[in-house]
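Good morning, everyone. Please look at the sequence and the model on the screen, and keep both in view while I talk.

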Amino acid sequence: MKNVDAISYVTVNGKAHIATVNLLKGITLYGEKLISRNGSEYRTWDPFRSKLAAAYINGLEFDFCNVKNILYLGASTGTTVSHLSDIIGYSGKVFAVESSTRVARELISNVSSKRTNVIPIIEDARKPRSYFSIYDKMDLVYCDIAQPDQTTIAIDNCKIYLKEGKPMLLVIKTRSIDVTMSPKNVISQEIKKLESHSFEIKQKIDLAPFDKDHAMIKAIFCSR
Ligand code: SAM
């Protein structure tokens, strides 16, 4: 079942925190707070640790109602993946791609071994045809890999795995792409790259003050 209203703001001591309904009651991952409200347990979602939380706070409009399967590139130890796992619940799956075996060990021991809706894929996202555990097209591709060719990697993965008309959320770390160019120009350059590959840009969110020189792009994958 999908977690209805899985993303909320919960107030603790007068301060509102973005949070997700915890799929694994009583279990935390990275020191986040657990808060009980109206029969549900919420996990606070740290915008300094998760760029998706930062994007929501800074105005991202994204509704997970029609999202079942997610391809997540750059899963790391699974901080954001775990909140997506809360949001989509047991009716969906997060296919979590991570190339570093050292980091992936933590992803497996702390996240996917406990959350059965997270499928770890220890592969290089530059070789999307090597993900043998993916059997279906995705409703969302999320990319946060901090590489100079991150946009091209995201595009290549979408062409294989994303359903037409469905969204991609791409984190652009401008300093990974070109430290000599202004962050604004790097973002414009990456947006042009997306547009030339049939993506329609819907939102561009600056992630400051949570992440300096980072933006999140919401784009829709149109027909080729
Ligand atoms: N998205 C994570 C989160 O919010 O919890 C943080 C991701 S961190 C900025 C980038 C991750 O991408 C690192 O764990 C790195 O090992 C991984 N990565 C870098 N290049 C990759 C590649 N070619 N394929 C798969 N993962 C890659």
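First, the ground rules. This is a predicted model, where local features need pLDDT of at least 70, side-chain atom pairs count only at pLDDT 80 or more, and totals for chains, interfaces and linings use all residues. Residues are numbered from 1 along each chain as its sequence is written, and side-chain values use heavy atoms, with hydrogens and water left out. Helices (H or I, at least four residues) and strands (E, at least two) are DSSP runs, numbered from the N terminus.

Back to our two helices. Helix α4 covers residues 150-161, and helix α6 covers residues 183-195. Their axes come within 10 Å and cross at roughly 20°. Axes here are lines fitted to C-alpha atoms, for helices over the stretch in contact, and angles run from 0 to 180 degrees between N-to-C directions. The crossing of α4 past α6 is right-handed. That term applies if the near helix is turned clockwise from the far one by less than a right angle, and left-handed if anticlockwise.

Who touches whom? On α4 the contact is made by T151, T152 and I155, and on α6 by E190, K193 and L194. Contact means heavy atoms within 4.5 Å. These residues divide into two nonpolar, two polar and two charged. Ala, Val, Leu, Ile, Met, Phe, Trp, Tyr, Cys and Pro count as nonpolar; Asp, Glu, Lys and Arg count as charged; the others, Gly among them, count as polar.

Next, the seven-stranded sheet. It is open, has mixed pairing, and its order is β7-β6-β5-β8-β9-β11-β10. Two strands pair if DSSP finds at least two bridges between them. β7 (118-121) and β10 are at the edges with a single partner strand each, so one side of each has no neighbour in the sheet. On average, neighbouring strands here are turned by 20° against each other, direction ignored. β10 and β11 pair in the antiparallel sense over seven bridges. Within that pair, E200 stands opposite I220 in β11.

Helices pack here too. Helix α3 (residues 101-112) touches β6 (93-97) and β7, and its direction makes about 170° with that of β7. Our α4 lies across β5 (69-73), β8, β9 (167-173), β10 and β11. It runs at about 165° to β9.

Now the other sheet. This open sheet has four strands in the order β1-β2-β4-β3, with antiparallel pairing. Its edge strands are β1 (7-12) and β3 (34-37), each pairing on one side only. Neighbouring strands are turned by 45° on average, direction ignored. β2 (residues 15-21) and β4 (residues 40-44) pair over three bridges. V21 stands opposite Y42 in β4. Four bridges join β3 to β4, and S36 stands opposite E41 in β4. β3 and β4 form a hairpin with two residues between them.

Stay with V12 in strand β1 for a moment. Which residues does V12 contact, leaving aside its neighbours within four places in sequence? They are H17, I35 and R37. V12 and R105, on the other hand, are 33 Å apart, C-alpha to C-alpha.

Some backbone details now. Most residues other than glycine have a negative phi, and most peptide bonds are trans. N13, in the loop between β1 and β2, has a positive phi of about 50°. N38, in the hairpin turn, also has a positive phi of about 50°. The peptide bond from A208 to P209 is cis, with omega near 5°. P209 lies in the loop between β10 (199-206) and β11 (214-221).

Last item: salt bridges. How many does the structure hold? There are ten. The term means a side-chain nitrogen of Lys or Arg within 4 Å of a carboxyl oxygen of Asp or Glu. One of them joins D144 and K51, at 2.9 Å from N to O. D144 sits in the loop between β8 (140-143) and α4, K51 sits in helix α1 (residues 51-57), and the two are 93 residues apart.
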